[in-house]
Amino acid sequence: MTEKLLQVENLKTQFFTEEGVVRAVDGISFDVKKGEIVGLVGESGAGKSVAAQSILRLIDHPGEIVGGEVRFKDDVLFGLEEGPNGDLKPRDAMLSNEEMRRRIRGTEIAIIFQDPMESLNPVFTVGNQLREFIEINRNLSKAEAKEEAIHMLREVGIPEPETRYDNYPHQFSGGMRQRVLIAMALACEPSLIIADEPTTALDVTVEGQILTLVDELQDKYDTSFVWVTHDMGVVAELCDRVNVMYLGEIVEQATVDDLFYDTKHPYTQALLDSMPRPDQTVEELNPIRGVMPEAINPPHGCRFHTRCPDARKVCMEVHPDCRELTETGEHSHKAACVKHDEFDVGYEISDPIDIRAKTGITSDLVTESTRGGN
Ligand SMILES: Nc1ncnc2c1ncn2[C@@H]1O[C@H](COP(=O)(O)OP(=O)(O)OP(=O)(O)O)[C@@H](O)[C@H]1O
Ligand code: NI
């Protein structure tokens, strides 16, 4: 049994805005084992970034983690318990803000964001920033830290690292800056790196190079990753296991192979169908119809029913949990869709609903999508 590094259980994060309560992350559960790359994939607004930030308790006002638990190794990063008056309060075992800063962030769990310029200071050289980070976090002398910084720049494929050490961030290309952030993330040899779409802004070739690099470094350092992306191509290339998110929930959770070749949720299927393929022209792309509804007032029943080609009346009423669909198989494969027998809520005898009427979209994408609900 592989060791579970990170365990997220029923995590809920909400934003209390003037328009209402945004249920950005609405009860997700997943785990990351040692040495694994686990994907969080979904369209814009699905809650991927909020989920990633919640793990490190990086949620600011008006946002708040309101429920669930996050455990990392033997530590409780987040957890609530009932207080004497019946109201919820942080569990005694939950790490303090100080412990999160000192012991966890950067050292045990590193995070890489989409825009490197947010994490790099434009007025200091790349080398100095990396050196200082290493010096502080690893208790090395200035000279040792500099040596280590150059070593890390070389590790992530920066050519002539001794010279590049003295360059400023703006003298690096986008891809090179992202490599610097990977170097910084790896510098303290964390057990887990959370990467929030770090390659999204890069062109495809550079993105490919970075993904290859991450794959190699992952092998070498045995670091685990949570990889946030909206791109199923990235998932295919990088991830071991995947969580598909829709409107704050995980709707399917499986190994990459199972997700691609034994797809259980219509939303996952729609994401896969919308993936550009080499044998297709741009005209042949199959974008997912409609837009994702607001997370303030998510649809009743299954949140995807308003866009789902397989939706029936029962889907408007029953809110499916993410349920195990394999018998005693080796790999767990979970999905939240009542068309599967495990749910037994009368899907087969329920009337189909006319999605055209619901989305107001009358493209031929809708008529052709009567793909069978097996
Ligand atoms: N500071 C905030 N205040 C109010 N709502 C927020 C805030 N941050 C995020 N949200 C809302 O939370 C939901 C989830 O957002 P999140 O950024 O996690 O989505 P995402 O899946 O990462 O999308 P993207 O691919 O665009 O990054 C969205 O409805 C978003 O509008
Ligand atoms: Ni995001």
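Glu 189 lies in the loop between H7 and strand E8 (192–196), where helices (H or I, at least four residues) and strands (E, at least two) are DSSP runs, numbered from the N terminus. The phi of Glu 189 is near 45 degrees, a positive value in a residue other than glycine.

Before going further, a word on conventions. The model is a predicted one, in which local features need pLDDT of at least 70 and side-chain atom pairs count only at pLDDT 80 or more, while totals for chains, interfaces and linings use all residues. Residues are numbered from 1 along each chain as its sequence is written, and chains are lettered from A and ligands numbered from 1 in the order in which they are written.

Helix H7 covers residues 174–187 and helix H8 covers residues 204–221; their axes come within 10 Å and cross at roughly 15 degrees. Axes here are lines fitted to C-alpha atoms, for helices over the stretch in contact, and angles run from 0 to 180 degrees between N-to-C directions. H7 and H8 are therefore roughly parallel to each other; angles under 35 degrees count as roughly parallel, over 145 as roughly antiparallel, 65 to 115 as roughly perpendicular and the rest as oblique. The crossing of H7 and H8 is right-handed, a term used if the near helix is turned clockwise from the far one by less than a right angle, with anticlockwise giving left-handed. On the H7 side, the contact is made by Gly 175, Gln 178, Arg 179, Ile 182 and Leu 186, and on the H8 side by Val 206, Gln 209, Ile 210, Val 214, Leu 217 and Tyr 221. Contact requires that the C-beta atoms, placed from the backbone, lie within 7 Å. By class, the residues of this contact of H7 with H8 are 7 nonpolar, 3 polar and 1 charged. For these classes, Ala, Val, Leu, Ile, Met, Phe, Trp, Tyr, Cys and Pro count as nonpolar, Asp, Glu, Lys and Arg as charged, and the others, Gly among them, as polar.

H7 also packs on helix H4 (residues 126–138), at an angle of about 15 degrees and with the axes 10 Å apart. H4 and H7 are therefore roughly parallel to each other, and H4 passes H7 in a right-handed crossing. Here Val 126, Leu 130, Phe 133 and Ile 134 of H4 meet Val 180, Ala 183, Met 184 and Ala 187 of H7. This contact of H4 with H7 comprises 8 nonpolar residues, no polar and no charged ones.

How is H4 oriented to helix H5? The angle between H4 and helix H5 (residues 142–155) is about 120 degrees, with the axes 8 Å apart, and the two are therefore oblique to each other. Among the residues that meet are Leu 130 and Ile 134 in H4, and Ala 145 and Met 152 in H5. The contact of H4 with H5 has 5 nonpolar, 1 polar and 5 charged residues.

I move now to the sheets. Strands of a sheet pair through backbone hydrogen bonds, either parallel or antiparallel. An open sheet of 8 strands runs in the order E7-E8-E9-E3-E10-E11-E13-E12, with mixed pairing; two strands pair if DSSP finds at least two bridges between them. Its edge strands, each pairing on one side only, are E7 (109–112) and E12 (323–324). Within the sheet, strand E3 (residues 37–41) runs parallel to strand E9 (residues 224–229), joined by 5 bridges, and Gly 39 stands opposite Trp 227 in E9.

A second open sheet has 5 strands, in the order E2-E1-E4-E5-E6, with antiparallel pairing. Strand E2 (20–33) and strand E6 (88–90) are its edges, and neighbouring strands are turned by 25 degrees against each other on average, direction ignored. E1 and E2 pair over 10 bridges, with Phe 30 in E2 as the bridge partner of Val 8. Strand E1 (residues 4–17) is also joined to strand E4 (residues 63–72) by 8 bridges. E4 and E5 form a hairpin with 2 residues between them, and Lys 73 in the turn has a positive phi of about 50 degrees.

One further backbone feature deserves mention. A cis peptide bond, with omega about 5 degrees, joins His 61 and Pro 62; Pro 62 is placed in the loop between helix H1 (48–55) and E4.

Finally, the record. An unreviewed UniProt entry carries the annotation "domain: ABC transporter" for residues 6–272; UniProt positions are given in the numbering used here, feature names are shortened, and annotations may be inferred rather than shown by experiment. The span 6–272 is 39% helix and 30% strand, and its end C-alpha atoms lie 27 Å apart.

Notes:
Contact = placed C-beta atoms within 7 Å.
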